[in-house]
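Colleague: I'm new to reading protein models, and I keep getting lost among the helices and strands. Could you walk me through this one?

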Amino acid sequence: MQFWRGLDELDGVAAPPVAAATTPLAFARRDFIKLMAAPLALAAGGCGRVPLEKIVPYRDGPAQDGYGKPVFYASAIARDGYGCGVLVETNMGRPTKIEGNPSHPASLGATDIFAQAAVLELWDPDRANTHARQGAIDTWSRFAGELQSRLRESHDGSGLRILTETVTSPTLHDQLRALLARYPGARWHQWQPVNRDNVHAGGVLAFGEAVEPRYRFADARVIVALDADIVGSMPGCVRYAREIADARRSERASQMSRIYAAEGSPSLTGALADHRLVVRTGDVAALAQRLADRLLAHGAGQAAAAPPDAASSWIDAVAADLAQHRGASVVVAGDRQPPAVHALVHAINHALGNDATTVMVAAPVAFAADSHFESLRTLAADIGAGRVAALLVLGGNPAYNAPRDFDFDAALRKLRWSAHVATYNDETSAACTWHVAAAHALESWGDIRAFDGSVTIQQPCIAPLYDGKSAHEVLSVLLDGNPQPGYGITRAYWQRAHGDGGDFEKFWQNALWQGIVDDGAAARAVARAAAPRAAASPMPVARRSDDVELLLAPDPTLGDGRHANNAWLQELPKPLTTLTWDNAALVSPAFAAWRGLDNEDVVELRIGDNAVRAPVWILPGHADNAVTLHLGFGRTRAGSVGNGVGVDAYRLFDSATRGLVASVGVTKVGGKHRLAAAQSHARMEGRDLARMIGKDDAARCESTGCAPAHANDPKASLYPAFPYDGYKWGMSIDQGSCIGCAACTIACQAENNIPVVGRDEVLLGREMHWIRVDRYYTGSRDAPRTLFQPVPCMQCEHAPCEVVCPVEASVHDAEGLNVQVYNRCVGTRFCSNNCPYKVRRFNWIAYTRSAPSLDAQRNPQVTVRMRGVMEKCSYCIQRIERARIDADRGNRRIADGDVVTACQAVCPTQAIVFGDLNDPRSQVVARKASPLDYTLLAELNTRPRTSYLPKVLNASAELADDEGAAGAEPRGRS
Amino acid sequence: MTDEAALAATPVLLGRYTDASITDRIADIVLARPVHWGWIAAAMVSGALTLLFVVAISYLFAKGVGIWGNNQPVAWAFAITNFVWWVGIGHAGTFISAFLLLLRQRWRTSINRFAEAMTIFAVAMAGLMPILHLGRPWFFYWLIPYPNIMNLWPQWRSPLMWDIFAIGTYIIVSLLFWYMGLIADLATLRDRARKRWQQVAYGLAALGWRGDARHWARFDSAYLLMAGLATPLVISVHSVVSLDFAIGNTPGWHSTIFPPYFVAGALFSGFAMALTLAIPMRRIFRLKAFITARHLDNMAKLMLVCCLIVTYSYATEIFMAYYSADRYEIAMTVNRMQGPYAPVYWSVVLCNVIVPQALWSANVRASTVSLFVIAIVVNIGMWLERFMIIVSSLNRDFLPSSWHVYAPTFWDLATLAGSIGTFALLFLLFVRVLPAISIAEMRKLARDKEAARA
């Protein structure tokens with residue numbers, strides 16, 4: 001028997017002789033002192049305190065007595081470079097949930113889906129947890145040394161290039177500016193696939209300089225969106241959605257604004273619009289021109305010459321409506337529309353007198369509004385010409401998402417020295433010499449501008465999990481010679497910016513405390529008086545009408561692909577398609593019929609020599625002769641979640657077409673790829689589910705009163721009513737406000753520890769979301785109306801689930817909640833069968849993945865469910881209990897607004913209201929008092945506590961006839 | 001052409017027998033006769049399926065019910081279908097042994113024993129299914145009302161709770177009834193066994209039965225009482241099982257016709273299974289003299305009656321959907337006929353309504369081959385009927401947004417096949433270990449026949 005002490009010995013490597021270790025160490029006194037001198041000195045040095053970087057809880061954050069209570073810190077989360085103010089909920093030092101910051105202009109208390117999901121990215125086990133040089137683990141100090149030696153190779157920094165994404169951070173911009181000033185040979189490039197090149201260039205056309213318009217939808221009575229996703233993806237969309245919703249509430253229906261949208265690829269704004277015109281994305285420019293012809297001074301004659309077509313009546317109606325609402329209307333061009341369209345829209349808005357009333361034309365929020373495409377093109381060319389010695393890539397993933405014609409991955413690999421600073425060791429990291437693990441936004445100091453230029457200081461809510469470094473710290477290696485902490489850099493910048501006047505400490509505390517820098521609006525809207533120059537016509541698009549257009553757009557849930565490893569976002573049903581875990585070639589029903597395509601058929605999309613194969617998904621309301629394919633999929637180094645999901649649309653993305661390809665070959669190649677859609681049936685089958693009423697009907701109820709829709713709902717019951725003498729919880733959901741963004745779904749997932757199940761399980765129909773957004777179509781399949789209906793648990797008063805549970809795991813509590821007792825549940829699933837709303841979710845297998853970092857993300861106030869247990873929406877009972885404890889300590893009742901459910905908090909449009917039905921002054925009682933209030937499937941006499949307000953449609957009298965015309969019902973997969 | 005009257009007049013016992021020769025014929029199957037190749041082949045197949053059942057259950061317990069195809073709208077599928085089907089099959093045994101005993105139907109004598117065994121094995125399979133189907137099967141006992149430290153009782157309003165009682169009572173009474181009937185025969189086996197271990201085993205099981213007159217007097221009254229107890233269970237068990245669905249609000253479930261509809265369906269499948277077992281058994285063990293064409297004919301006729309009741313129920317369901325003018329009921333009915341499970345629906349109509357009409361013909365009833373085929377078809381049809389009721393109602397209920405199609409996985413099929421195999425293996429073992437026909441009752445029958453002749 002031979003024992004081996006280690007793998008070395010087993011492998012035959014000679015082990016050190018054992019005797020050496022057992023020989024007693026004999027030290028002379030002097031030797032001992034000599035040897036110990038250094039450790040003692042170090043120990044003494046180590047007694048110094050770690051520099052204090054104080055973070056400040058949000059406003060009414062708890063005092064220090066709140067051990068075990070969550071603490072909120074104001075910060076900001078970026079979406080495509082634009083910040084949205086958030087409050088980060090930390091539980092015992094762990095960031096677990098993101099809420100919107102009510103004081104922040106881009107948030108108003110709500111967030112989008114990406115901010116909600118950011119917390120999962122912080123805790124993602126696949127995040128880069130080490131720095132690496134050529135794939136091997138290496139240290140930060142080695143990196144800093146190498147970076148400096150690169151810099152020293154030339155006296156003026158020539159050969160050094162820095163590539164960033166959109167920079168809206170004043171501190172980062174200040175660092176870059178200082179760097180470029182000190183090393184004039186160095187260059188700063190920018191690349192981000194979702195950029196505002198067209199907006200800026202449109203400003204140049206119109207005003208001679210790059211501008212970025214901001215809008216006041218609250219003051220607009222008529223809104224025209226030309227391929228502009230105002231509420232879904234435009235910078236500021238969370239705020240814009242709120243402004244629009246506030247202007248369209250059913251209780252003030254007579255005052256509501258009207259939305260027109262023209263677009264080719266269905267968006268949330270199109271779904272919200274009262275009149276949606278289906279035109280191909282590439283044809284929007286011509287449409288804008290026709291609209292401009294009608295509205296601008298000398299255009300009337302030309303318009304008459306144009307032959308009438310499907311768009312004519314739409315343009316007539318829009319032009320008339322706009323003309324009637326001068327100064328109270330707004331026309332918005334989408335980011336992907338060419339600069340000429342933006343210039344035209346500037347001219348239209350100016351002509352309509354909307355300047356400074358609904359449209360603020362201001363300097364761009366992003367620093368250096370140069371074209372991203374041109375910037376990256378220059379960099380690629382310089383690399384090719386050997387002019388780049390060292391490249392520092394701060395964030396982004398150009399190896400994956402650069403235009404194909406730049407061949408940027410190969411260019412990176414050609415470089416002698418390059419470094420990529422990112423939270424994931426991704427495609428770009430693999431192509432670079434160095435990968436520097438970046439700190440997540442929730443781990444590092446920084447600052448960021450919102451869509452309107454207001455700045456938030458980003459506070460770290462936790463120390464970096466993996467020695468991550470922020471871009472500021474990396475740049476400080478170049479600027480200061482040795483790395484500075486991000487705290488010092490950010491604070492120093494603001495100290496300088498603040499100047500000597502006033503108390504900086506107070507300014508700083510205030511900025512952290514409320515999550516917004518009170519800088520006297522220096523960076524905010526500067527309205528321009530100058531009239532736009534005479535707008536040039538958009539370039540006519542040279543193409544035959546039977547060419548098939550291809551639109552490559554950022555994915556609604558993955559963005560440009562940066563969120564590919566976020567399982568919450570992967571599994572979040574995409575608004576409109578409800579697809580999860582895949583992208584698809586979206587086509588119109590008519591196009592599918594012409595080409596003999598069915599859902600899930602694989603097609604080849606070919607542009608010249610480049611082709612990708614993608615499954616087809618038929619999307620009612622899509623433009624004919626056009627295909628939409630979302631970017632952000634087909635990642636190869638995203639991580640264990642995102643690798644190999646979907647097809648990589650960047651293979652068709654080049655700098656010439658910029659994602660809008662005039663002609664693409666579409667061929668069916670045979671075979672099917674199953675797509676995991678969360679909703680397989682799109683028709684209401686004539687059932688009274690999601691209601692829609694006209695503005696006039698709603699307005700009648702507002703003034704004279706009308707018969708309540710819910711008058712006859714409660715039917716007789718054998719059981720006496722339960723007297724709720726304490727609290728009585730209830731919820732109201734306004735479908736008129738709901739834009740279908742699905743933020744509620746993901747907020748609920750974060751709040752309630754809802755597991756992710758994966759593509760195969762979604763295909764089986766086992767997604768776990770407690771609140772889903774049902775999407776129904778009415779009208780014709782080519783131009784349908786879209787209705788969104790968020791469906792949480794109805795918390796029925798006569799809950800069918802309760803009586804059938806043999807073990808009383810589903811019970812009613814004394815405040816009206818329908819409670820699910822997880823540790824009593826044995827999993828008969830009868831409750832789910834008996835739930836007419838199908839809101840119950842079952843843990844078919846053990847879904848909750850346990851990893852140390854994922855465990856740390858979970859909400860400690862919500863049980864993590866094991867396999868075999870039923871779960872469902874609890875009205876965020878943990879939040880009710882938290883409010884109850886606070887109220888009890890103050891010896892008072894829980895006040896209206898003390899309990900805000902996760903879905904309610906995140907909703908950009910405040911479509912969801914929750915509260916105590918026994919409190920006559922509560923908002924939810926006011927909502928439910930509306931005569932339009934109704935409950936879902938009232939005929940079953942389940943008496944839901946969750947009720948709905950209908951969608952109110954402000955249809956134009958001129959267009960009323962040709963919309964909603966009876967036709968074939970849109971087809972969904974069934 | 002088989003004459004209808006002649007078929008009905010076939011005696012229930014062919015030939016002349018003494019007590020001893022009857023005992024020989026039946027007890028030899030257990031004690032003396034060498035193993036038939038057919039038995040070995042059947043045992044190997046069913047043994048393999050039993051192994052598959054064990055594997056399927058082990059994997060199920062290790063992984064969870066997610067190995068099946070169930071999903072959100074279709075939270076119940078194969079396991080509950082199997083459950084209802086097996087419970088239904090169990091019915092014929094009790095019906096034959098208890099119901100027909102009370103009605104003094106002499107022809108039941110030679111088939112009641114194996115029909116009761118069939119009942120017990122079928123109910124055993126049925127009882128397993130809801131437990132396997134639980135998300136956390138190790139807590140199945142929480143459904144049983146027992147005093148506990150949590151001071152928690154089950155939810156009495158839940159039909160699943162009623163199931164526990166219905167099935168529990170049924171299996172206890174069936175087992176007792178079967179065992180009581182066996183005691184006299186066990187004593188016979190004890191007396192005739194040559195091997196020591198058989199003598200001991202049968203002796204212990206026979207509970208000291210000596211066959212004296214007082215034993216018989218008590219036995220007869222007790223047996224009749226048990227039959228009286230068991231008879232209402234034939235009605236109650238499947239009525240309660242049907243309430244699992246009828247209490248639910250799902251369109252396609254929420255219907256007052258369910259209890260009689262389910263009982264008729266249960267007997268239908270029960271007689272089909274009894275025929276499925278009897279036909280090969282009488283051939284392999286040469287029992288054609290004991291289980292005669294008369295028995296098969298009677299069972300076939302009962303099957304036909306059940307078929308007509310079931311057909312009437314189908315028609316009523318359709319009519320009520322129309323007559324109620326309930327949007328959801330109508331949609332459910334249309335979905336059954338035209339939706340993703342339309343093939344299932346039309347197979348049910350074919351198997352349960354159309355094919356059994358052949359039983360009107362005496363020729364068909366006289367042919368064991370055609371009877372066997374029809375029995376198998378009805379077995380399949382009744383399984384599909386339960387599947388139709390459960391799955392095609394659940395897959396499209398109130399909110400179209402939640403509609404989703406269910407498809408079984410390998411493990412769904414393995415569980416069904418495994419339970420059939422286990423049932424068959426148990427039955428095969430029963431035939432080799434216990435008298436498949438009641439010796440004591442057959443003796444009585446033979447004696448009565450001789451008495452009638454004399």
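Modeller: Helices (H or I, at least four residues) and strands (E, at least two) are DSSP runs, numbered from the N terminus. Here, helix 6 of chain A and helix 18 of chain A make a left-handed crossing. Keep in mind that this is a predicted model, in which local features need pLDDT of at least 70, side-chain atom pairs count only at pLDDT 80 or more, and totals for chains, interfaces and linings use all residues. Residues are numbered from 1 along each chain as its sequence is written, while chains are lettered from A and ligands numbered from 1 in the order in which they are written.

Colleague: At what angle do helix 6 of chain A and helix 18 of chain A cross?

Modeller: Angles run from 0 to 180 degrees between N-to-C directions, and axes are lines fitted to C-alpha atoms, for helices over the stretch in contact. Helix 6 (residues 170-182) of chain A and helix 18 (residues 471-480) of chain A cross at roughly 20 degrees, with axes that come within 10 Å. Angles under 35 degrees count as roughly parallel, over 145 as roughly antiparallel, 65 to 115 as roughly perpendicular and the rest as oblique. That is why helix 6 of chain A and helix 18 of chain A are called roughly parallel.

Colleague: Which residues meet there?

Modeller: Two residues are in contact if their C-beta atoms, placed from the backbone, lie within 7 Å. From helix 6 of chain A come T171(A), L172(A), Q175(A), A178(A) and L179(A), which meet A471(A), H472(A), L475(A), L478(A) and L479(A) of helix 18 of chain A.

Colleague: And how do helix 8 and helix 9 of chain B pack?

Modeller: Helix 8 (residues 213-246) of chain B packs on helix 9 (residues 258-284) of chain B at an angle of about 125 degrees, their axes 8 Å apart. The two helices of chain B are therefore oblique to each other, and helix 8 of chain B passes helix 9 of chain B in a right-handed crossing.

Colleague: Now the strands. In what order do the seven strands of the open sheet in chain A run?

Modeller: Two strands pair if DSSP finds at least two bridges between them. In chain A the order is 5-4-16-15-14-6-7, with mixed pairing. Strand 5 (136-138) and strand 7 (187-190) of chain A are at the edges with a single partner strand each, so one side of each has no neighbour in the sheet. From one strand to the next, the twist averages 25 degrees. Strand 4 (residues 131-133) of chain A pairs with strand 5 of chain A in the antiparallel sense, over three bridges; A132(A) has I137(A) as its bridge partner.

Colleague: Is the pairing of strand 23 of chain A with strand 22 of chain A parallel or antiparallel?

Modeller: Antiparallel: strand 22 (residues 601-607) of chain A and strand 23 of chain A share six bridges, and V603(A) stands opposite A614(A). Their hairpin has two residues between the strands, and G608(A) takes a positive phi near 60 degrees. Strand 21 (residues 585-587) of chain A pairs with strand 23 (residues 610-618) of chain A in the parallel sense over three bridges.

Colleague: Lastly, how many residues of chain B are in contact with chain A?

Modeller: There are 41 residues of chain B in contact with 41 residues of chain A. Helix 6 of chain B gives the most to its side, with three residues.

Terms used:
A crossing is left-handed if the near helix is turned anticlockwise from the far one by less than a right angle, and right-handed if clockwise.
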